[in-house]
Amino acid sequence: MNYSERTAALASTLEADGYHLAIEELDARLAVTITAGPDACEDCLVPKDLMRGILSQQLGIDGGMIDITYPVDLPGYSGSAGSH
């Protein structure tokens, strides 16, 4: 499956807010990582459950198969994006 094509609109929206979307297939699961650029809008990320629902709908897979990492989950992150 071409995840980039199916999530192009979401990736574009995230990029407009200073974020980058990466999707990696790990066994039967998807690892979705959203990283923040230097000018990321700290209040623009939706809660993970909502993001999982959006991704599930766009990718046509069960949301339970999607693992999401937000900037706040990454080592060395000092902002507050994704902390809600």
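1. A quick word on terms before you look: helices and strands here are DSSP runs, numbered from the N terminus. Keep in mind, too, that this is a predicted model.

2. The chain has three helices and three strands, and reading from the N terminus the order is α-α-β-β-α-β. The radius of gyration is 12 Å, close to the 12 Å that the globule rule gives for 84 residues, so the chain is as compact as a globular protein of that length.

3. On overall dimensions, the C-alpha trace spans about 30 × 25 × 20 Å along its principal axes. Of the 84 residues, 30% count as buried. Take the contacts between residues at least 6 apart in sequence: 50% of them join residues at least 24 apart.

4. Now for the strands. S2 covers residues 29-36 and pairs with S3 in the parallel sense, over four bridges.

5. S3 itself (residues 66-69) is worth a look from both sides. Ile66 and Ile68 make up its covered face, while Asp67 and Thr69 sit on the uncovered one. Why the every-other-residue pattern? In a regular strand, side chains alternate between the two faces of the sheet.

6. Last, the surface and the charges. The chain exposes about 4900 Å², and carbon and sulfur atoms supply 48% of that area. There are 4 positive and 13 negative side chains, with the centres of the two sets lying 8 Å apart.

Technical notes. Residues numbered from 1 in each chain as written. Predicted model: local features only at pLDDT ≥ 70, side-chain atom pairs only at ≥ 80, totals over all residues. Heavy atoms only, no water. Helix = DSSP H or I, 4+ residues; strand = E, 2+ residues; numbered from the N terminus. Rg over C-alpha atoms; globule rule 2.2 N^0.38 Å. Buried < 20%, exposed > 50% of the residue type's maximum accessible area, 1.4 Å probe, protein only. Contact = heavy atoms within 4.5 Å. Areas by Shrake-Rupley, 256 points an atom, 1.4 Å probe, with all protein chains shown as cover. Lys, Arg positive; Asp, Glu negative; His and termini not counted. Charge placed at Lys NZ, Arg CZ, Asp CG, Glu CD. Pairing = 2+ DSSP bridges.
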